[in-house]
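Open the model in your viewer and keep the selection panel at hand. We will go stop by stop.

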Amino acid sequence: MQERLQKILARACVSSRRGAEQLMLEGRVTVNGEPVRELGTKADLATDDVRVDGVRVKAPKGPVYLVLNKPRGYVTTRRDPEGRPTVMELVPAVAGLFPVGRLDVTTEGLILLTNDGAFAERVSHPRYEVPRVYQAKVHRVPEPETLLRLKRGVRVGGDFMAVDRARVLEADNNAWVELVLHEGKQHEVKRLLEAVGHPVSKLRRVAVGPVTTKGLEPGQFRTLTPGEIAGLLRGEGSPPGRGRRPPRRRPRPGPRPGGAARKGQR
């Protein structure tokens with residue numbers, strides 16, 4: 001059955017529909033060897049040779065698993081009653097695709113999307129303890145005693161919250177801190193840090209289980225590897241030393257506490 005090329009490329013997880021249009025306009029899409037720039041062009045994967053940058057496009061088989069580096073300003077829902085942009089505008093229009101969990105509209109970073117409900121439950125439910133890594137820019141620099149307090153646990157508004165690990169990544173007048181936790185209560189990172197006297201000004205999630213945002217600019221996505229899917233189902237953490245450092249606005253004298261850094265979120 002013939003369909004618009006934008007829909008074919010989106011369903012094959014090559015790009016979002018908007019991204020597919022850009023690929024076509026740039027002359028990077030061919031059908032049966034001929035470049036196609038007309039946005040209304042249709043094709044049939046069963047009978048036509050559709051390629052992007054010379055690589056043949058194939059229909060997806062089975063469930064779809066994606067990782068997206070969510071930019072600020074996007075909500076992690078399929079539709080937003082307030083008309084704000086959603087993460088679904090950044091990924092292919094795959095039937096049944098939905099975001100796994102949520103990130104605040106002002107939070108950046110890693111969000112998983114799938115059309116596999118059992119996988120989403122296994123990854124997101126706290127009882128499976130899949131670790132999540134966040135990096136936050138906070139007011140002032142937390143003392144070692146404050147980091148220890150976060151690990152021991154803090155009661156915030158009737159909820160008891162604690163992190164698995166906490167460390168300072170960058171320190172000047174303010175600081176970037178990295179937190180690892182697995183529960184995922186609403187606004188947990190922001191509430192925790194504010195409760196110990198360090199309000200958050202920026203927040204990013206950089207890892208869920210073994211999956212990181214490495215190599216993905218804000219707004220970009222990719223398909224999970226079989227190894228990442230298996231690692232998420234086993235509740236594995238991300239390998240050490242992966243991810244990017246928080247941005248540094250000016251040189252800071254003295255040694256940098258906390259070792260290697262990643263950008264974070266929640």
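Select helix α4, residues 144–152. Helices here are DSSP runs of H or I with at least four residues, strands are runs of E with at least two, and both are numbered from the N terminus. Within α4, color T146, L147 and L150: these residues are buried. Buried means under 20% relative accessible area, exposed means over 50%, and partly exposed lies in between (1.4 Å probe, protein chains only). Now look down the axis of α4: its buried residues fall within an arc of 100°, so they line one face of the helix. That arc is taken from the directions from the helix axis to the C-beta atoms. An α-helix has 3.6 residues a turn, so residues three or four places apart point the same way.

This is a predicted model: local features need pLDDT of at least 70, side-chain atom pairs count only at pLDDT 80 or more, and totals for chains, interfaces and linings use all residues. Residues are numbered from 1 along each chain as its sequence is written, and side-chain values use heavy atoms, with hydrogens and water left out.

Turn to the face of α4 directed away from its buried side. Select P144, E145 and R152, the exposed residues there. What covers the buried residues of α4? Show β13 (165–171), β14 (175–181) and α5 (188–195), which are among the covering elements. Then step to G153, which follows α4 and has a positive phi, near 115°.

Select R167 and E178: they form a salt bridge, with the closest N and O atoms 3.1 Å apart. A salt bridge is a side-chain nitrogen of Lys or Arg within 4 Å of a carboxyl oxygen of Asp or Glu. The pair links distant parts of the chain, R167 in strand β13 and E178 in strand β14, eleven residues apart. R167 is partly exposed at 27% relative accessible area, whereas E178 is buried at 5%.

Next, select E3 and K7. Their salt bridge has its closest N and O atoms 3.7 Å apart. E3 is buried, at 13% relative accessible area; K7 is partly exposed, at 31%.

Move to D49 and R56, another salt bridge, at 3.8 Å between the closest N and O atoms. R56 is partly exposed, at 42%. Then select E26, R28 and D53, which a network of salt bridges links.

Finally, zoom out. The whole structure holds 14 salt bridges. The protein has six helices and 17 strands. Of its 266 residues, 47% are buried.

Definitions and conventions. Contact = heavy atoms within 4.5 Å.
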